[in-house]
Amino acid sequence: MTVIQKKKQTGDSQIAHLTPEDVEMLGIELDAIRQSVIDTRGASDAAYIRKVIKTQRSLELGSRAVLLFSIFPPAWLVGTAGLSVAKILDNMEIGHNILHGQWDWMRDPKIHSTTWEWDHATPAEQWKVSHNELHHNFTNVVGKDNDLGYGIMRVDEDQPWQPFYIIQPVWNFLNALFFEYGIAAYDLELRGALASKKTKDPEFRKQAKKVVNKIRRQMTKDYVVHPILSGPSALHTLAANFTANIVRNVWAHSVIMCGHFPEGVETFERKSIEGETHGEWYLRQMLGSANISGSPLMHLMSGNLSHQIEHHLFPDLPSNRYKEIAPKVEALFEKYGLSYCARPLPQQVYSAWHKVVRLSLPNGWLEATTRKNLPSQLGKLYKMVTGTPRERRLIQASLTREVRRLKAA
Ligand SMILES: [Zn+2]
């Protein structure tokens, strides 16, 4: 049974009304949307990506030049802001999308998924495997999709609660600050290698060496070469580069969280998705993604991942075309009775963080807590964190009963 079929059996599924024929028809209609873009890809799209790359390169160069004088506060501010934007463009609208092969049809060896490298701790080659093959195929499948909770977070009520989940908001915040290193670690499958003591494995060592070399190159550029070139502004330039990296990391982490983590976005069980049809694959992408509504600037800065739903349906279409097909995709959601999750950035970020906090607590704790009963609820939480598994089970059962009673009232 595929994950979609299983979901349909559960009572409150939003796809219970769809027949297998509906799902296959949906797939055919989505294929037609995809084909309409492929048939019209051409010179204006190529001009678009070349313009974005040129703008990014000029912005980075200009900002680094301004930072040569970063000892002066206005130069520091302008240079840091410019470099932050340049790094965001490099990773989001340029790197992520080129590495998906969105521009391979141009047959330009300089703008090609096989040759592109980006301003990021993880080498492009490793990221392509974990992102294009794992994340995009196993979207929101718990335990399979590294982007979902990065294997260390509780992302669904059905995952049993454990005391260490209580710190997941802190962990998520740290992950946001140093996101590129987090990604490098997932791409390398560092956690699994440490757990299974495979760090001496020659293949692991080979890949780890590539990551270390990439990080060294990135660090040399941002924390050695450019500061030295800045002479008396060296320390200020170093601080500016550090700040720009943090800004880029937090931005990328926020956009990615908005794409798959807000309330209402579905997750799927870790089980075989063997037998999933083409239509069911599309349906899982639709249920597992969310968009950020906003201005053209928002779309550009998010690398068009503001159109995460369209991106997940068609990861290899040029990013500048997502906004044109978005109304057609949304019309299909409506036609098939599905909810198209799109909200402005602050709302999506809030929703995603709310879910991180809610799931860091035992099921029902947040719902059953009021200002009045807060002390006793905190007492229960303390017992759940410090108690035995049996005590945890008992308190969990009482929380579940409490929530059921509240819902019935
Ligand atoms: Zn992607």
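A nonpolar core is a set of buried Ala, Val, Leu, Ile, Met, Phe, Trp, Tyr and Cys residues joined through C-beta atoms within 7 Å, where buried stands for 20 or more other C-beta atoms within 10 Å of a residue's own, C-beta atoms being placed from the backbone. The model is predicted, so local features need pLDDT of at least 70 and side-chain atom pairs count only at pLDDT 80 or more, while totals for chains, interfaces and linings use all residues. Residues are numbered from 1 along each chain as its sequence is written.

Next, go to His112, in the loop between helix H4 (73-99) and helix H5 (124-135), the helices being DSSP runs (H or I, at least four residues) numbered from the N terminus. His112 has 16 other C-beta atoms within 10 Å and is therefore partly exposed, a class between buried and exposed, the latter meaning 12 or fewer. Gln102 lies ten residues from His112 in sequence, and their C-alpha atoms are 8.5 Å apart.

Finally, colour domain 1 (3-335) and domain 2 (364-408), whose bounds come from an automatic or database domain assignment; their centres, taken over C-alpha atoms, are separated by 36 Å.

Notes
Helices (H or I, at least four residues) and strands (E, at least two) are DSSP runs, numbered from the N terminus.
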